[in-house]
Amino acid sequence: MQNFSRVMMAVAVDISRFEGVPMAPPDPILGVSEAFRADKNDLKLNLGVGAYRTEELQPYVLNVVKKAENLMLEKGENKEYLPIEGLAAFNKATAELLFGADNPVIKQGRVATLQSLSGTGSLRLAAAFIQRYFPEAKVLISSPTWGNHKNIFNDARVPWSEYRYYDPKTVGLDFEGMIADIQAAPDGSFVLLHGCAHNPTGIDPTPEQWEKIADVIQEKKHMPFFDVAYQGFASGSLDEDASSVRLFVERGLEVFVAQSYSKNLGLYAERIGAINVVCSAPEVANRVKSQLKRLARPMYSNPPIHGARIVANVVGDPVMFGEWKQEMEEMAGRIKNVRQKLYDSLSAKDKSGKDWSFILRQIGMFSYTGLNKTQSDNMTDKWHIYMTKDGRISLAGLSLAKCEYLADAIIDSFHNIS
Ligand code: KET
């Protein structure tokens, strides 16, 4: 026996125990930023990740965030652990921002809110909850959707399938396909919806279409599950961008909502967001919250405090709240300006007669260009423009000065590469 273990040890020194671990592929979105950093060409442009940049293409820390941080520093706050559910002032502020402070579900204490690790962590926590308490249920996700949705449900071992969403023919919403697929799913499925500024297409249902979507979900006893990563960023108005969620809540439905402050407060690396579960009664919300805490504790114990304090300070102070809304409007406005300029440049330069107006109809941070993988590769290999391979470009990473160059690259890739 002793000899045998000596041999095993010798083998272990020569050959790694990790021989069976293959190299993972780069992430389709965050991997683009890695490739961008490695490119030494001066013309390079990163339109991959959805992160806001200034007209000078620099990262932007909101003034109101700096103000809140200074205030926090002056107060000399401590670094004790937060409770598992997060900072109470944050949880109150975030639910009120989402549903509206006067919403009966808030007044009646029917929302289970847990601060979690931004949008992704909140979605992941909800996925773990679904896996544990609805093991038979599947999640319906839009085709296409944000790339990480599939990873999240795969890792949580929650089965999913897709519903039709994007129609390449009209470069718009395949509303009939969407309704038919939601209708055809087994009763009690979870339907993942983008609250506003659908990623990657930038195409949202109209208010009338939202009503019809809610009709089918209600009829089929499905569970609506919103991913709200861009509140305030689509229209510039926090309330308008929450109207889809509020419509479902007004109908008395139970609803899941994951929230993120990465984009609208520019708190990407602070990992601040929340999972909210609207329940039929306060007592139900208490039970749901207790189980979400039970899931969070062994995963990451409790959430980080810095971003939570920033959000609580900004939302809780009328002056700072007003300043935030102004800065958000400015960010949303800059994106709208480059969207217009890109459309103008494409229309002026492209002599083929192609209609580029779909770019103006899309909203939020992104434009879904319709470029295929080979064409997207050409954008990067020839033009040093970094973007995801599904043809999505982040307009938040584009400046007015770069619109003409981008238009040249798109026209070349679209017409000369098949
Ligand atoms: N939902 C959607 C729809 C989304 O686009 C993102 C981020 C998130 C959730 C999560 O963000 P978080 O920072 O965890 O709160 N999207 C951008 C970044 C990424 O892929 O992580 C993106 O699509 O570029």
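**Ligand and pockets**

A: A polar side-chain atom of Asp-227 lies 2.6 Å from a nitrogen atom of the ligand. The model is a predicted one.

Q: How much of the ligand's accessible area does the protein cover?
A: On its own, the ligand has 520 Å² of accessible area, and the protein covers 92% of that.

Q: What lies 2.7 Å from an oxygen atom of the ligand?
A: A backbone N or O atom of Gly-119.

Q: And what about the side chain of Trp-146, how far is it from an oxygen atom of the ligand?
A: An N or O atom in the Trp-146 side chain is 2.9 Å from a ligand oxygen atom.

Q: Which pocket does the ligand sit in?
A: The largest pocket holds the ligand.

Q: What volume does the largest pocket have?
A: Its volume is about 890 Å³. The largest pocket is lined by 40 residues, and the closest to its centre are Ile-29, Leu-30, Val-49, Gly-50 and Lys-263.

Q: Which helices and strands each supply at least two residues of that lining?
A: Three helices do: H2 (30–38), H6 (118–133) and H7 (148–155). Strands S1 (45–46) and S8 (223–228) do as well.

Q: How does the lining of the largest pocket divide by class?
A: It has 17 nonpolar residues, 15 polar and eight charged.

Q: Switching over. How much space lies in the second largest pocket?
A: About 540 Å³. The second largest pocket has 30 lining residues. Nearest its centre are Asp-204, Pro-205, Ala-234, Glu-240 and Ile-363.

Q: Which element gives the most to the lining of the second largest pocket?
A: H14, with five residues. Helix H14 spans 318–349. Helices that each supply at least two residues there also include H9 (207–219) and H11 (243–250).

Q: And the classes in the second largest pocket's lining?
A: That lining divides into 13 nonpolar residues, ten polar and seven charged.

Q: Where are Pro-144 and Pro-200 found?
A: Pro-144 is in the loop between strand S3 (139–143) and H7. Pro-200 is in the loop between strand S7 (190–194) and H9.

Q: What about Ser-118, is its phi positive or negative?
A: Positive, about 60°, although Ser-118 is not a glycine. Most residues other than glycine have a negative phi.

Q: Where does Ser-118 lie?
A: Ser-118 lies in helix H6.

Technical notes
Residues are numbered from 1 along each chain as its sequence is written. This is a predicted model: local features need pLDDT of at least 70, side-chain atom pairs count only at pLDDT 80 or more; totals for chains, interfaces and linings use all residues. Side-chain values use heavy atoms; hydrogens and water are left out. On a 1 Å grid over the protein atoms alone, a cavity is a set of points where a 1.4 Å probe fits but cannot get out, and a pocket is an open set with protein on both sides within 12 Å along at least five of seven lines; lining residues have an atom within 4 Å of a point. Grid points are joined across faces, edges and corners, and a volume is the space filled by probe spheres set on the points. Helices (H or I, at least four residues) and strands (E, at least two) are DSSP runs, numbered from the N terminus. Ala, Val, Leu, Ile, Met, Phe, Trp, Tyr, Cys and Pro count as nonpolar, Asp, Glu, Lys and Arg as charged, and the others, Gly among them, as polar. A polar contact is a pair of N or O atoms within 3.5 Å; within protein, one must be able to donate a hydrogen and the other to accept it, and residues adjacent in sequence count only if both atoms are side-chain atoms. Accessible areas come from the Shrake-Rupley method with a 1.4 Å probe; for residues, only the protein chains shown count as cover. A molecule sits in a cavity or pocket if more than half of its atoms lie within 2 Å of its grid points.
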